Structure formats: C-alpha cells, structure tokens
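Subject: The structure you asked about

Hi,

Here is the structure, ready for you to open.

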Amino acid sequence: VLPSPEGPVPSVSITEIRQYLRAQGIPFHDGYSCLHTPSLFTGGREKQQPPPPGTGVPYTLFIDKTTGSFLCTATLAEGTWQDFQANVELRHRGVPPASSEEVEEDTRRALEDARCVWERSVPLWELLDEDETKETKATFGISLVTDATLKRFGVRYLRTAKSLVFPWFSPRDATLKGLKLVRVEKKGEAMAYVEDTLPRFDSYHNLFGLPLISRRDTELVLTGWELDALALHQATGVASLALPRGATCLPPALLPYLEQFKRITLWLGEDLRSWEAAKLFARKLSLKRCSLVRPGDLQPRPLEALNQGLNLTKILRAALPASHKSIVSFRQLREEVFGELVNTEQVAGVKWARFPELNKLLKGHRRGELTIFTGPTGSGKTTFISEYALDLCMQGVCTLWGSFEINNVRLAKIMLTQFAAQRLEDQLELYDEWADRFEDLPLYFMTFHGQQNIKTVIDTMQHAVYMYDITHVVVDNLQFMMGHEHLSVDR
C-alpha cells in the first residue's frame with residue numbers, strides 16, 4: 001500500500017540533494033539515474049571525514065535522483081532520503097551507523113526454503129541419463145544452450161518439480177539469497193512457462209547474472225528472461241542480465257547496480273508490450289545511454305533468435321537509440337509504422353480474458369488513454385470496474401487503484417472474491433491459499449478516502465508510476481475525489 005496522505009513521503013528535488021551533499025562536504029559523482037557518494041556504512045568509522053577525492057576509494061553509495069532513497073552496494077544498507085540525512089547527522093556526532101543485519105522472519109524462512117531446494121537440485125549437465133538431459137533441454141527450448149553456459153550461470157534442475165532453478169547470489173559475498181523456479185505447462189497446443197520465486201515476487205530483486213559482471217564491463221544487454229540472458233551471452237559474449245519480473249517492472253532498487261554501464265541495450269521480448277516496457281525503463285535508466293531492440297519477425301527474443309540460427313550480434317548492432325530527436329522524417333518512422341500494421345492485434349492493447357464483448361468495443365487496454373464509465377448509483381460501476389481491472393492485472397498489467405468512495409478493505413474483498421470466483425465466506429479454510437495468490441498480482445491501492453487535494457493525488461500517482469511501473473490507473477469515482485461543491489467548475 002502506498003504511503004497514506006497523513007504522512008506522504010516528503011518529495012525531494014535533485015537540486016536539494018546536491019545542495020545538501022555540498023553543504024555537508026560529501027563528494028559525489030553525477031551518474032545516470034543516481035548520484036554516487038562514498039558510503040557512510042563501510043569501515044573507517046573512526047575517521048569522521050570522507051576520504052579525500054582521488055584516493056581511489058570506490059563510491060559505493062547510490063542516491064536515486066528521482067526519490068532520494070539510497071542503497072550502499074558494499075553493505076546493502078538502504079533507506080529513504082530522510083534516513084540518509086539522519087545517518088549523516090549521527091556521523092557528525094560520532095555515532096557509528098547501525099548495521100542492517102536483522103533479517104525479517106519471512107525472509108529468513110524463504111532463505112531456508114531456497115537453500116533446501118538448491119541442495120536438492122542437480123546441475124543440468126550432471127543428469128545421469130543423457131536422454132533425460134536431452135529431453136529436459138528440449139522441453140525448455142534450450143537444446144542449443146551449451147553445458148559451459150549453464151555451468152557459468154549456475155543453472156540447476158529440480159527433478160521432483162520438473163523445474164529449472166536459477167540462483168540469486170548476493171553480488172557482495174556470493175551467498176545464496178533466493179531462487180527462481182521455472183516449469184513448463186501445456187495449455188492445449190501452446191506451452192506456457194510458469195515461474196515461482198523464493199522469496200515472494202515483491203521482494204525478489206535479483207538481476208540474474210550480476211555476480212558474473214566485472215568492474216571493467218561498460219556495455220550491457222538487459223533481457224526480460226533468464227534463458228534469454230544465457231542465449232545472449234553464449235551467442236555474443238556480451239555482459240547480459242535478466243530482470244526479475246521481465247517486462248512487468250524495473251524496481252528502482254536495482255538501478256544502482258546498473259550505474260557502471262555506459263551503454264545499455266534493452267531486448268526484453270518479442271511482443272509490443274515488451275517494446276512499450278523497454279521505452280518506459282529507458283527513461284528510468286537515462287535515455288542517452290539506452291538502445292532498444294525492436295520486436296519483429298527477424299528480431300524475436302534472444303533464445304528464439306539463437307534457436308532460429310539468427311545473428312544476435314547483428315541484431316544488437318541494429319538496436320535503435322532510445323532518445324529520439326525532436327523532429328523526424330517518415331523514413332525514420334517507416335519501420336515502426338510497418339510494425340503497427342503487422343501487429344494490429346497487439347497494437348489494439350491487452351485484451352480482456354473475461355469480456356469478449358468489451359474487446360469488440362474497446363479492442364483492448366492501451367496506455368495513455370482515458371475511459372470513463374458512467375451510470376446511476378447502485379448500477380454496478382464499482383463491481384464491474386474491479387472485475388475489469390482485475391482481468392488486466394492477472395495478465396501482468398501493473399494497476400493502481402484510487403478508491404475514494406469505498407474503503408480499500410471492502411474493495412480488496414470484492415476483488416479477492418472475483419479473483420477466486422467463489423464465496424470465500426463459506427470456505428474460510430481456502431482463504432490463505434487464495435490470498436497468497438492474490439498478493440502476487442501487480443496491484444497497488446492509494447490510501448485516500450473522500451475528497452482530496454488533486455495535486456496530492458497526482459503526486460502519489462507519479463510516485464507509483466516511477467516505483468512500480470504502473471500502466472493502468474483506476475479512479476473510483478471522480479465525483480468523490482473532487483467533492484460535491486465544485487461541480488459547476490470545469491475540472
């Protein structure tokens with residue numbers, strides 16, 4: 001749940017951050033999406049002054065330019081801009097910074113589980129039976145991925161769950177922090193990949209492949225899937241990482257790890273949603289250093305490209321710079337226009353799974369469009385909209401709800417019932433199972449209720465878009481948000 005209006009996160013501008021650092025005599029570099037400073041949390045606590053510039057002390061503390069929150073990659077200490085200021089004040093008084101070693105119970109349990117699974121899984125190239133290895137690799141479409149590549153990335157196989165196991169190692173001390181399990185499910189003719197993570201999705205912040213990156217690497221390809229990172233590295237030898245939730249979101253907590261790269265190419269997938277996501281992520285990463293691989297017949301996702309025998313290096317070279325100049329000619333747009341004609345279905349947006357009639361009317365959910373639903377009180381607007389939004393959310397559309405009329409507990413109850421498609425009050429023993437699944441949806445609620453200052457609401461929405469890559473905002477309803485007395489004013 002986003003911060004409540006009583007105590008919203010005080011916003012801080014990049015100018016204020018720079019002024020504060022200068023006033024405190026803290027040296028800093030201006031990075032792409034973060035400012036880099038020496039860490040307050042590493043050794044040498046007796047020395048109150050930061051090391052003089054040029055002494056070769058690495059700047060391991062990163063401050064997010066948009067939110068002011070910080071992360072120290074050497075000690076994994078993190079917090080808000082207010083926490084950073086508090087630590088600087090304490091340091092001036094000679095108080096050593098607190099260690100951030102206390103681990104929450106949930107995280108500890110997830111770690112235990114991850115270790116158990118990791119110990120039970122076997123390296124994929126060590127399956128006793130050669131046929132079993134071949135069959136397993138064929139199932140996941142990785143027959144062409146070599147044992148050396150699998151070994152390098154530490155991929156294992158869990159026989160009991162017929163799943164590939166991708167480790168999450170801490171870049172600091174190479175300890176196991178979590179896992180992602182991927183299995184294949186047949187849905188009619190089609191194959192679907194099902195993923196599970198330890199810890200839960202919202203706290204799974206692994207950049208798969210990070211421990212293999214050396215300090216000297218300056219170019220990187222970001223993919224949306226672990227197997228794509230394997231294929232890319234094998235075919236081109238470039239440094240490649242996979243985002244933890246694919247094209248769904250790029251958590252700001254990961255930005256510090258991407259600061260060392262001068263060039264980042266985003267190759268997230270083969271559909272238009274991945275393309276839209278790549279454009280969104282490039283803004284976070286700083287447009288001037290990003291290039292995008294445009295999805296198309298001859299530019300599928302990296303694993304598919306490897307399997308089809310395409311030249312991956314050539315595809316990377318043809319990536320488009322993310323920062324478009326302000327004026328373009330049709331010649332530069334030509335490919336994109338063709339892409340829209342070829343993919344008319346995808347251009348129409350994300351289809352609703354439960355409302356075929358609605359798809360005929362609206363074609364799908366597209367970003368940057370406003371849809372208004374009207375109807376008298378009690379006609380079922382909220383019930384319908386929550387089902388409509390849930391339908392998209394279950395397909396990975398990151399959704400933010402602003403419910404000004406009914407409170408979040410009631411709204412969540414309605415949505416959970418719709419999600420489970422049954423009356424949970426009659427079967428309370430099923431509650432935890434459904435609630436666990438519901439919790440993994442990319443769904444967030446604003447904690448406003450009743451009439452609000454419109455600026456506060458907009459600020460909260462902008463914060464949510466940056467933090468969680470929200471692409472669908474629901475306001476229910478406009479009248480309540482605005483209050484009843486100003487209806488004559490054109491708002």
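Leaving aside its neighbours within four places in sequence, which residues is A305 in contact with? They are W267, P300, L310, L312 and I315. Before I go on, please keep in mind that this is a predicted model.

A bit more on that spot. A305 lies in helix α8, which covers residues 302-307. With a relative accessible area of 0%, A305 is buried. Its C-alpha is 8.6 Å from the C-alpha of A231, although 74 residues separate A305 and A231 in sequence.

Now the overall picture. The protein chain has 17 helices and 18 strands. It runs to 491 residues, and 43% of them count as buried. If you take the contacts between residues at least 6 apart in sequence, 65% join residues at least 24 apart.

In soluble globular proteins, nonpolar side chains tend to be buried together. The largest nonpolar core here has 32 residues, and the ones that touch the most other members are L207, L220, L222, L258, L266 and L285. Two or more residues each come from β11, β13 (263-267), α7 (272-285) and β14 (290-292). Helix α7 gives the most, with eight residues. Domain 1 (14-93) and domain 3 (213-348) both contribute residues, so this core lies between them.

L258 is a handy place to start if you want to click through that region. Leaving aside neighbours within four places in sequence, L258 is in contact with L207, L220, L222, L241, I264, L285 and R289. Apart from this core lies another one, of 25 residues, which include W352, A389, C393 and F419.

Two of those names, A389 and C393, also turn up among the buried residues of helix α13. This helix spans residues 381-393 and reaches 18 Å from its first C-alpha to its last, close to the 18 Å expected at 1.5 Å a residue. Helix α13 is mostly covered, with 10 of its 13 residues buried. What do the buried residues of α13 pack against? The answer is α12 (356-362), β16 (399-403), α14 (408-420), α15 (431-439), β17 (443-445) and β18 (472-476).

Then there are the aromatics. A pair of aromatic rings is described by the distance of the centres and the angle of the planes. I have 18 aromatic pairs for this model. One of them is F153 with F208, a stacked pair at 5.6 Å centre to centre and 25° between the planes. The pair links distant parts of the chain, 55 residues apart: F153 is in helix α5 (residues 147-153), and F208 is in the loop between β10 (190-198) and β11 (219-223). F153 is buried at a relative accessible area of 6%, and F208 is buried too, at 2%. Elsewhere, ring pairs link Y20, F41, F70, W81 and F84 into a cluster.

The charged end of K284 is over the ring of Y466, 5.2 Å from its centre. R294 lies over the face of W275, at 4.8 Å from the ring centre.

Cheers

Methods
Residues numbered from 1 in each chain as written. Predicted model: local features only at pLDDT ≥ 70, side-chain atom pairs only at ≥ 80, totals over all residues. Heavy atoms only, no water. Phe/Tyr/Trp six-rings, centres within 6.5 Å; stacked < 30°, edge-to-face > 60°. Helix = DSSP H or I, 4+ residues; strand = E, 2+ residues; numbered from the N terminus. Buried < 20%, exposed > 50% of the residue type's maximum accessible area, 1.4 Å probe, protein only. Lys NZ or Arg CZ within 6 Å of the ring centre and 35° of its normal. Core = buried A, V, L, I, M, F, W, Y, C linked by side-chain atoms within 4.5 Å. Domains from an automatic or database assignment. Contact = heavy atoms within 4.5 Å. Expected span 1.5 Å × (residues − 1).
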